[in-house]
Amino acid sequence: MEKAITRFAPSPTGYIHIGNVRSAIYPYLTAKQTGGKMILRIEDTDQARYVEGATELIEDTLKWLGLDWDEGPEVGGEHGPYFQTERRDIYIAWAKKLIAAGRAYADPTTPEQIDAYRRECNEKKVPFLYRNFRPENTPEWEPGMPLRFKAEPKEYSWHDEVMGDMHTGPEVLDDIILIKKDGLPTYNFAHIVDDAEMGVTHIMRGVEYLSSMPNYLAIYEALGINHPKFVSLPHILAPQGNKKLGKRDGAKSVVEYRDDGVLPEAMLNYLACLGWNDGTEQEIYTKDELIERFSIDKIQNSGARYDEVKLLWLNGQWIRRIADEQGIDALYTRTADFWPETDATDDYKKRVLAIIYDRLKTLSDLKTMTTYFFAEPEIDTSMILENKFLKKIPADELKGLLEQTIAKLSDTDWNADALQDALNELLAATGKKPAELFSLIRLGVSFAPFSPALNLTLEVLGKEISIKRLENVVAAL
RNA sequence: GGUCUCGUAGUAUAACGGUUAGUACAUCGGGUUUUCAUCCCGACAACGCGGGUUCGACUCCCGCCGAGAUCACCA
């Protein structure tokens with residue numbers, strides 16, 4: 001397979017969210033699959049929208065997801081620099097080729113005049129095209145003036161790897177701005193130059209660029225260069241409505257999910273499979289499997305709706321997968337930031353994790369689901385007295401059952417099997433149903449709405465603490 | 001408004017002229033000695049509409065309808 005040179009080229013205007021990270025994932029998978037390279041290029045030509053720290057945030061996001069770039073900031077490479085503001089001279093040099101060929105000209109029109117033209121067109125209900133107002137004699141271009149492309153309207157046909165064969169008429173061609181007044185290029189020009197200089201083979205970007213394609217094609221043509229393959233990625237849609245998912249719809253930063261206890265494996269898995277699938281019924285993919293199976297021609301050509309519920313389901317699957325395949329220790333190393341306030345030992349926390357992990361949807365569930373392992377629960381007798389299995393049993397009888405339990409457990413070896421045996425014997429001795437006796441004991445030691453299997457909970461809690469808690473409940477009833 | 005794109009259950013998708021239209025999430029029901037969860041079993045639920053082409057259409061063609069994108073010295 002031909003080695004693909006792909007790129008992720010964000011502008012540093014803020015964080016990367018669910019809606020736009022796919023245009024980093026697919027280039028990564030394509031590059032890795034073919035033994036090629038992914039380039040990270042920072043498109044910082046819009047000074048007004050530049051956000052301090054955004055580049056670091058972008059890098060942070062890619063690293064968390066495991067999308068390492070082969071060329072770009074931090075790692076360098078033979079095609080640098082990788083910040084567009086550091087490449088001004090390159091753009092100017094390419095722009096001069098266009099001027100020399102008579103395909104670009106200095107634009108003397110003021111923004112006010114352009115607005116007037118646009119209004120005029122709106123009133124006449126005809127599309128506004130700058131080329132219809134192109135000045136007769138234009139000054140020689142020099143820095144400080146906007147430079148425009150000189151369009152030669154005609155039909156264009158091209159192939160998009162996702163959308164298929166495309167065709168447009170001459171009416172979409174216009175004299176677009178190549179270099180802005182501030183001397184920096186527009187995206188429209190910069191990305192063409194950079195992709196050419198960097199040897200990019202696949203341009204993978206959102207479908208919003210589809211309607212600009214003819215203008216790009218015209219520039220490639222005027223420059224006399226071949227264009228890369230075009231891969232238009234459909235939008236990810238907001239959960240409600242039919243809009244593309246954006247920050248306004250509450251699209252969270254990708255790294256925010258890390259802080260919420262989502263595993264990068266799950267995030268990558270979910271996002272890669274949103275709008276792509278390999279034709280099989282597999283749901284869980286490792287990064288290596290994605291690299292192996294990914295194919296551009298199976299990218300969906302309609303938008304896909306973001307579904308956080310499924311992401312969280314997948315995260316639960318990944319939590320279990322890591323614990324089951326790599327062991328509790330491996331999962332434990334991921335949980336450092338997610339425990340309740342405690343000075344408990346690693347060993348104790350691991351034992352808690354081992355009995356609770358199959359209940360977790362996110363790692364941050366640990367915070368709320370394990371409190372009674374680390375602190376004395378507040379005794380709330382109503383939880384016992386109003387429990388659906390216990391409310392028909394008089395308080396005195398409950399008290400008696402607990403006393404019997406305490407006596408039995410005091411005489412039991414403290415391991416899961418022995419505890420289970422003891423609990424079964426208690427069941428026989430008291431004649432109670434499991435739902436009754438076990439609910440009582442479970443609530444007595446945890447006062448939590450749910451908890452792991454009773455014998456395991458008791459084992460981890462320890463003999464002394466378990467019995468002490470039950471005694472406290474007897475006293476309170 | 002011009003141009004372009006898209007249209008299978010609530011959601012994500014499979015099917016590439018012939019299937020009882022498959023799978024997963026969600027929802028509902030059941031099972032695994034308490035709860036919650038895991039796991040297992042089951043149920044509900046879809047080809048936007050209308051014409052063609054064809055022995056036969058989710059699949060090919062046309063029209064309509066619906067949804068989206070884009071028309072910046074933003075990317």
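The C-alpha centres of domain 1 and domain 2 lie 47 Å apart. I start there since the overall layout of chain A is the first topic. This is a predicted model. Chain A is divided into domain 1, residues 1-237, domain 2, residues 327-374, and domain 3, residues 381-476.

In secondary structure, chain A has 20 helices and 11 strands. The radius of gyration is 32 Å, well over the 23 Å that the globule rule gives for 477 residues, so chain A is more spread out than a compact globule. Along the principal axes, the C-alpha trace spans about 105 × 50 × 40 Å. As for burial, 34% of the 477 residues of chain A count as buried. If we take contacts between residues at least 6 apart in sequence, 77% of them join residues at least 24 apart.

Next, the RNA. How many residues surround RNA strand B? The count is 70, and the closest are Lys181, Ser302, Arg305, Pro434 and Phe450. Several elements give two or more residues to this surface: helices H4 (111-124), H5 (187-198), H10 (308-326), H17 (416-430) and H18 (434-446), together with strands S6 (164-168) and S11 (304-305). Of the closest residues, Arg305 falls within the range of S11, and Pro434 within that of H18. By class, the surface near RNA strand B is made up of 28 nonpolar, 21 polar and 21 charged residues.

Let me stay with S6, one of the elements at the RNA surface. Its partner is strand S5, residues 156-160, and the two pair in the antiparallel sense over 5 bridges. A hairpin of 3 residues joins S5 to S6. Across the pair, His159 stands opposite Asp165 in S6. Is S6 covered or hardly covered? Hardly covered: among the 5 residues of S6, the count of buried residues is 0.

Helix H8, residues 264-272, is mostly covered, with 9 of its 9 residues buried. The buried residues in H8 are Pro264, Glu265, Ala266, Met267, Leu268, Asn269, Tyr270, Leu271 and Ala272. Glu265 and Asn269 are therefore on the buried list along with residues such as Leu268 and Leu271, a residue counting as buried if 20 or more other C-beta atoms lie within 10 Å of its own. What covers them includes helices H1 (22-33), H2 (54-65), H7 (254-259), H9 (287-293) and H10.

Last, some backbone details. Which residues does a cis peptide bond join? Gly80 and Pro81, with omega at about -5°. Pro81 lies in the loop between H2 and helix H3 (88-100).

Glu74 is also placed in the loop between H2 and H3. Glu74 has a positive phi of about 75°, although it is not a glycine. Glu74 has 10 other C-beta atoms within 10 Å and is exposed, the cut-off for exposed being 12 or fewer.

Lys125 is another non-glycine with a positive phi, here about 55°. Lys125 sits in the loop between H4 and strand S4 (147-149). With 6 C-beta neighbours inside 10 Å, Lys125 counts as exposed too.

Conventions
Residues are numbered from 1 along each chain as its sequence is written. Chains are lettered from A and ligands numbered from 1 in the order in which they are written. This is a predicted model: local features need pLDDT of at least 70, side-chain atom pairs count only at pLDDT 80 or more; totals for chains, interfaces and linings use all residues. A residue is near a molecule or strand if its C-beta atom, placed from the backbone, lies within 6 Å of it. Helices (H or I, at least four residues) and strands (E, at least two) are DSSP runs, numbered from the N terminus. Ala, Val, Leu, Ile, Met, Phe, Trp, Tyr, Cys and Pro count as nonpolar, Asp, Glu, Lys and Arg as charged, and the others, Gly among them, as polar. Domain bounds come from an automatic or database domain assignment. Two strands pair if DSSP finds at least two bridges between them. The radius of gyration is taken over C-alpha atoms; the globule rule is 2.2 Å times the number of residues to the power 0.38. Two residues are in contact if their C-beta atoms, placed from the backbone, lie within 7 Å.
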